[in-house]
Amino acid sequence: MNEFLLALGQHAFLQTALLAGLLASLGCGVIGTFVVVKRIAFMAGGIAHSVLGGMGAALYYGVDPLLGALSAAIFTALLIGTIRLFWKTQEDTLIGALWAVGMAIGILFIAKTPGYANDLMSFLFGNILLVPTRELWFMAALDLILILTVAIFYRPFLAVTFDEEFARLRGVPVAFFYLLLLCLVAVTVVLLIQVVGLILVIALLTLPAAIAGHYVHSLGGMMIIATLLGGMFTALGLALSYEPDLPAGPTMILLAGSVYLLSALLSQALRWRRARHQATAR
Amino acid sequence: MTTVPAILVEDLSFSYGDSRVLEQIQLSIAPREFVGLVGPNAGGKSTLLKLILGLLKPQAGRIQVLGQTPRQAARRIGYVPQFPSFPRDFPISVEQVVVMGRLGIGSMLGWQRKVDRDAARHALQEVDALDLARRRIGTLSGGQLQRVLLARALTGEPEILILDEPTANIDQRVESDVFALLATLNQHLTILLVSHDIAFISDYVSRVACLNRTLICHGTTEVNSDAIQQLYGSHVRLVAHRH
């Protein structure tokens with residue numbers, strides 16, 4: 001750990017990596033909370049995996065892969081959202097199909113692009129140490145878009161997340177806000193792919209918010225705690241992986257997964273104790 | 001000039017796939033009427049409510065609510081569902097749930113305003129549930145939740161109140177409290193109430209509409225064994241009881 005702190009002072013790439021992790025945790029806290037309470041983790045997984053199609057195509061045609069990722073994520077979000085809203089019966093099958101088809105398209109493009117085979121691993125599992133400094137600005141801009149949108153539309157978002165039928169009766173344009181929410185999920189996925197890659201995205205999107213949900217019972221509170229937890233997991237994961245030279249992304253995920261497991265057990269134990277205390281109190 | 005009916009249903013029919021649920025429904029509810037809608041399960045009660053609320057579109061016939069289409073008028077209706085259409089473990093307080101009933105009044109953008117919070121607390125007080133304001137929605141009992149849902153409907157300043165089986169999970173003492181409250185609200189609101197318990201609601205309502213695919217209206221004094229047999233079939237016995 002000490003070695004990491006020393007190196008952090010010396011190497012700009014480590015500072016960039018740390019900042020990238022912290023920027024990503026803002027998205028994972030704010031949007032991850034919606035993903036958890038609305039129970040759309042499977043949809044988020046579909047969006048994340050189909051992003052490979054956009055990245056592959058962007059590489060093949062020589063465009064910035066991040067732009068490819070962002071457009072593929074938004075396209076899939078709108079497609080999945082429309083299916084969910086207007087064609088409910090086959091929802092899970094169709095998401096599963098998009099999930100796999102997106103990846104297949106990406107892998108075909110990457111196979112036909114000369115010299116990029118090594119990048120496949122960093123798309124899939126992320127490489128936070130290779131984030132270029134200019135991408136920090138891109139990430140910061142995405143964060144700003146996320147936070148502004150959620151702040152301006154907080155009440156309709158809450159209504160659509162909580163009770164779609166009632167929101168519709170109150171004149172909230174439910175389809176619009178549902179699709180907008182999925183687009184924000186898409187933007188967050190692209191943010192997090194920088195850090196942990198598209199396969200592991202789903203863990204950072206759900207685990208911090210789920211842990212927060214064990215202890216706080218308001219959406220705003222969950223967002224704040226999940227952001228702090230996300231920041232802790234990315235920073236600590238980076239630090240722990242540095243000395244033994246482990247890949248940073250999987251270290252972060254294992255850390256988040258272990259804390260989630262412990263927290264689930266702890267919160268259950270606390271609930272039992274409280275219930276017993278209530279039952280025996282005089 | 002005649003007054004515009006609060007709810008006007010003309011020649012309405014509706015089917016799910018092959019099964020016809022509603023057939024040639026005619027119903028006109030005047031402002032400040034208190035109408036009870038009764039009928040057996042699967043008789044089309046919830047479907048008729050959904051059509052009046054604009055959640056479903058009529059396939060034949062037409063519906064007008066306060067002189068507008070159901071979609072336009074939805075915000076002027078307060079709706080209390082039989083089963084909450086939200087997950088009970090959602091991290092939200094009772095007060096925040098009730099505040100949501102204010103959506104559609106003023107702008108939806110930005111943070112919640114103090115007037116909305118005050119209106120929510122006032123509505124909670126009206127249903128005698130102000131002490132629950134800070135509780136998490138998932139910790140309420142069935143009866144408490146029902147009152148909170150009523151507060152959410154009232155806080156939107158409705159002109160019509162529609163309740164679907166509001167007393168299904170409530171014990172009798174609370175039930176008569178709820179009906180006393182509805183009787184007070186009825187002084188300025190039109191009320192349409194769905195119930196399976198004809199004998200009980202006939203003490204309160206001005207008119208009973210009996211729905212089993214087709215709809216027949218009765219004044220409360222006319223609900224007798226003939227009407228009930230026609231509605232439920234011959235095996236039902238009418239037991240006269242007073243509470």
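Helix axes here are lines fitted to C-alpha atoms over the stretch in contact, and angles run from 0 to 180 degrees between N-to-C directions. Keep that in mind for the first item. One caution before it: this is a predicted model.

Start with chain A. Helix α3, residues 41-60, packs against helix α5, residues 91-111. The angle between α3(A) and α5(A) is about 20°, and their axes are 7 Å apart. Angles under 35 degrees count as roughly parallel. So α3(A) is roughly parallel to α5(A). The crossing of α3(A) past α5(A) is left-handed. What classes of residue make up the contact of α3(A) with α5(A)? There are 16 nonpolar residues, eight polar and one charged.

Now to where the chains meet. On chain B, 21 residues are in contact with 21 residues of chain A. Take the side of chain B that touches chain A: 13 of its residues are nonpolar, six are polar and two are charged.

Next, chain B by itself. Chain B has eight helices and nine strands. Its length is 243 residues, and 39% of them are buried. Look at contacts in chain B with a separation of 6 or more: 66% of them come from residues 24 or more positions apart.

On to the strands of chain B. I will begin with β7, residues 190-194. Is this strand mostly covered or mostly open? Mostly covered: five of its five residues are buried. Thr190(B), Leu192(B) and Val194(B) point one way from β7(B). Ile191(B) and Leu193(B) point the other way. Both sets are buried.

Which strands pair with β7(B)? One is β3, residues 34-38 of chain B. It runs parallel to β7(B), and four bridges join the two. Within that pairing, Val35(B) has Leu192(B) as its bridge partner. Another is β6, residues 160-164 of chain B. The pairing of β6(B) with β7(B) is also parallel, over five bridges. Here Leu163(B) has Leu193(B) as its bridge partner.

There is also an antiparallel sheet in chain B. Three strands form it, in the order β2-β1-β4, and the sheet is open. Strands β2, residues 19-29, and β4, residues 60-65, stand at the edges. Each has a single partner strand, so one side of each is left without a neighbour in the sheet. From one strand to the next, the twist averages 25°. Strand β1(B), residues 7-16, pairs with β4(B) over five bridges, in the antiparallel sense. For a residue to look up, take Val9(B): its bridge partner in β4(B) is Ile63(B).

Where is Ala153(B) found? In helix α5 of chain B, residues 142-154. Why does Ala153(B) count as buried? The cut-off is 20 or more other C-beta atoms within 10 Å. Ala153(B) has 23 C-beta neighbours inside 10 Å, so it counts as buried.

What does Ala153(B) touch, leaving out residues up to four places away in sequence? Gly78(B), Tyr79(B) and Val80(B) are among them. Pick out Gly101(B). It sits 52 residues from Ala153(B) along the chain, with 6.0 Å between their C-alpha atoms.

Key
Residues numbered from 1 in each chain as written. Chains lettered and ligands numbered in written order. Predicted model: local features only at pLDDT ≥ 70, side-chain atom pairs only at ≥ 80, totals over all residues. Buried ≥ 20, exposed ≤ 12 C-beta atoms within 10 Å, placed from the backbone. Pairing = 2+ DSSP bridges. Contact = placed C-beta atoms within 7 Å. Nonpolar A, V, L, I, M, F, W, Y, C, P; charged D, E, K, R; others polar. Parallel < 35°, antiparallel > 145°, perpendicular 65-115°, else oblique. Left-handed = near helix turned anticlockwise from the far one by under 90°.
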